[in-house]
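Hi,

Here is the structure I promised to pass on. Have a look, and my notes follow below.

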Amino acid sequence: MTTRCNLLEESVADKFIRYVQVDTVSSELTDTTPSTPGQWDLAKMLEGELNQMGLSDVHVDEHCFVLGRLPATPGVNAPPIGFLAHLDTVPGIPGEGVKPVLHRAYSGGRIEVGNGVVLDPADTPAILKAVGSDIITSDGSTLLGADDKAGIASIMRALAMLINDSSLPRPDVWVAFTPDEEIGAGVLKFPYDRFGAKLAYTFDGGALGELSDETFNALNGVVTVKGRSAHPGTARGKMVNALHVAGEVLASVPSGWRPETTDGREGFIHPTEIDGNVEEVRIKLIVRDFVKGQLEARRQALEHALAAIEERYPGSSVRFSGEMGYSNMKAELDKDPRVVAFALKAMEMAGITPHMHPIRGGTDGARMTFRGVLTPNLFTGGGDAHSRQEWACVQWMEKGAETAVNLARLWAGESS
Ligand SMILES: [Zn+2]
């Protein structure tokens, strides 16, 4: 049993090792929130720890959102801030029975994770920045779950540091641990009415110093190809085979506009699913770009290509219909430049060189940003998420905690 004293004094590594041993793999196959019962186990554990540490308003709601509040230090009347991390780990890779292994003082070479799994710096150059630090991996039979238990551990450590040192000023600090991030479903049920902060930070990034204030703009759509069926024996001049037309649609996506040929700030068009027959084929595809105008340009290029294909196949119909999914959060975040500026400052105060890292996807924080809680994303100190090579660096998680403490100190000096 962890005592209050333990919780306040133990290292971030001790916390992390406890959390990763709880199986919280989420599932796309259920339609409940949380999607799996294991997430309750970690939620209850964290609820107990927050209560023992003396936080206020500690509560787990019916959808497994764990909330708590560390009250402001006396005399501080600054805007409340929030720290968030997600409870679940990704489906598809074993996440039950995680046996964390501590590799002390990383030498810069290959790490034999176990069970034939090797962590090779040639594939993961980010880990070379952790030479001399301590690395935690699984034993190779499962993922580790640093995504996002490294974030949870850093936040819990930061709370302990703030409680232990009453000379550190802070505003109200809200924490939220959320279910089902990996299946993109959890945050839809976020309890905005009970969460007292309008600005927050998700701890769900990667290597030391990472800060993300940008996500893709997302357009999700379907190309519907209609052909004309006829008996193949007498089809000459009559049949229009939608399958052949669909083949041309796929070929029309420029090879340099695909996820497999782009990175950094480049967008793409990506077919994800196809089904159909001679009469009709449906191709699901997604379009992504950091810049709204370029997203629109990609849509127009696609529609031009489809019109040209339609013309080459008289009797066919080739149409795209799409709708916007999530949007780049940057424009929203820019409404209060302190949110990102303080994150950069907080890292610098911890001796970290920050680097901006646009996210080639969406985040829970982006969704929250559009609901009025400005929420950029910070590093956790882990790498190779969603794989058996996944790792976390102990000293980087400590820096994550330090960054959170610095954020509290910086915001304490602001007025509401
Ligand atoms: Zn994550």
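The C-alpha centres of domain 1 and domain 2 are 39 Å apart, with the bounds coming from an automatic or database domain assignment. Domain 1 covers 4-214 + 328-412, while domain 2 is 217-324. Four residues from domain 1 and four residues from domain 2 make the contact, where contact means C-beta atoms, placed from the backbone, within 7 Å.

Before the rest, a caveat: this is a predicted model, so local features need pLDDT of at least 70 and side-chain atom pairs count only at pLDDT 80 or more, whereas totals for chains, interfaces and linings use all residues. Numbering runs from 1 along each chain as its sequence is written.

Now the helices (DSSP runs of H or I, at least four residues; strands are E, at least two; both numbered from the N terminus). The axes of α2 (residues 12-20) and α10 (residues 394-412) come within 9 Å and cross at roughly 105°. Axes here are lines fitted to C-alpha atoms over the stretch in contact, with angles from 0 to 180 degrees between N-to-C directions. Val12, Ala13 and Phe16 in α2 meet Val394, Met397, Glu398 and Ala401 in α10.

The Thr33 to Pro34 peptide bond is cis, with omega near 5°, and Pro34 sits in the loop between α2 and α3 (38-53). Asp147 to Asp148 is also a cis peptide bond, omega near 20°, and Asp148 belongs to helix α4 (residues 146-164). Cys64 isn't a glycine, yet has a positive phi of about 80°; look for Cys64 in the loop between β1 and β2 (66-70).

Cheers

Note on methods. Two residues are in contact if their C-beta atoms, placed from the backbone, lie within 7 Å.
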